[in-house]
Amino acid sequence: MKRLLLLLIGLLFITACSGSGNDPATAVKDYLSAKVAGDTDQIRALLCSEMESVLERETRTFDSVTGVEIEDMSCSQEGDSPVVRCEGQIVALYGAEETHFPLVSYRVIEEDGQWKWCGEAP
Amino acid sequence: MAIDPAVVNGIPVSDIVVVTDEVAANMRTIYARGQGLGRNGQAFSKLGDSLIATPSFMTHFDTGRYDLGAYAHLQPAIDYFGGSYERYGVALRPGLHAWGVFDPLWANKDWCLANEDLLNCEIRLNNPGVLLILLGTNDAGNPPGFDYNMRKVVEFTIENGIIPVIVTKADRFEGPENINNEILRQIAADFRVPLWDFDLVAGTLPGRGLTDDQVHLTVFPENDYTLPEAYQTGLGLHNLTGLMALEAVRQVISR
């Protein structure tokens, strides 16, 4: 019992002291959700510093849209690489027309202890 | 009744397609830059939304299914830019607005590279010397943002040796003040590039040439400008005046 308790404490310690507050795949999913919602604060928090200049563009991409949703999103990091591969799509409704934006692979960078979205990956 | 080819529904063509001497001189400068970059001066690309992302926009000029009637003098534009009319390209997306032009999210993933926006992608694929730009309908509620992004688009186009042709729109989707068209006119004047002021023509049409959704243009499948109906439909005159704009460009760059 004592060993189990020590093991649990050890696991908690490791988790608390890990380099990032999030994992790459979650960062990408959260970013895409923020982009769909036009959530400027969340986009800013998850956008890598080298892309700060396009913050407004990222926030306004779905302006003038009556309904935007992410469908069937699943993301996973490719091994230990700074790439997160996603599947699914964003669907936007413009008047009576649907426009589809397939999810692709994205680059992630760790900054200030957080994984951040940094554009599309080849 | 005989049609005066210098006029469309009472509006002088020179008011619809604005190419002043200053604009013409600047076009030659842009064109020369483009030739230095290896641009195809006889190809144009289309940048826009669902208003022109349709086979009813100009494609018939490549298929031969048209009769120009009194405007037969526009045939050289059809010959010169042949192959571009029917080409859809990757810079047309329903719902596209000025913010989306440089966002890679909007690019066609079947054709475009990672992190490549749809305009860069279209230029890479088609290498055009001319770009028709029809945006603004989906840019409601943020005139400064529309102005900022349209200027970026025009600057980028010119820097790449491509002549931008700015097009005004028939709809009032962003509101009755017509602010986006005014922005487009000012940008064309500021950058000294051709303006195709379709908004003026739309004012002569029943319902401004718009369908019930007040955004898209009424169709004219006959493409026959000997018929009076040609001058009462949105796409009928959109296609005709677009051809006039391309002819004006051809006359400047082919001299």
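**A residue in a strand, and a covered helix**

Author: The model is a predicted one. Chain A has 122 residues, of which 27% count as buried. Its secondary structure consists of four helices and five strands, and their order from the N terminus is α-α-α-α-β-β-β-β-β.

Let us turn to Gly119(A), which belongs to strand β5 of chain A, residues 114-120. Gly119(A) has 16 C-beta neighbours inside 10 Å and therefore counts as partly exposed, because burial requires 20 or more and exposure 12 or fewer. Apart from neighbours within four places in sequence, the residues in contact with Gly119(A) are Met51(A), Tyr106(A), Arg107(A) and Asn115(B). Met51(A) is 68 residues away from Gly119(A) in sequence, yet their C-alpha atoms are 8.0 Å apart in space.

Chain B also deserves attention. Its helix α5, residues 118-126, is mostly covered, with seven of its nine residues buried. The buried residues of α5(B) are Leu118(B), Leu119(B), Asn120(B), Cys121(B), Glu122(B), Ile123(B) and Asn126(B). Their cover includes three elements of chain B, namely β4 (40-48), β5 (128-134) and α6 (143-159). After α5(B) comes Asn127(B), which has a positive phi, near 50°.

Key
Residues numbered from 1 in each chain as written. Chains lettered and ligands numbered in written order. Predicted model: local features only at pLDDT ≥ 70, side-chain atom pairs only at ≥ 80, totals over all residues. Helix = DSSP H or I, 4+ residues; strand = E, 2+ residues; numbered from the N terminus. Contact = placed C-beta atoms within 7 Å.
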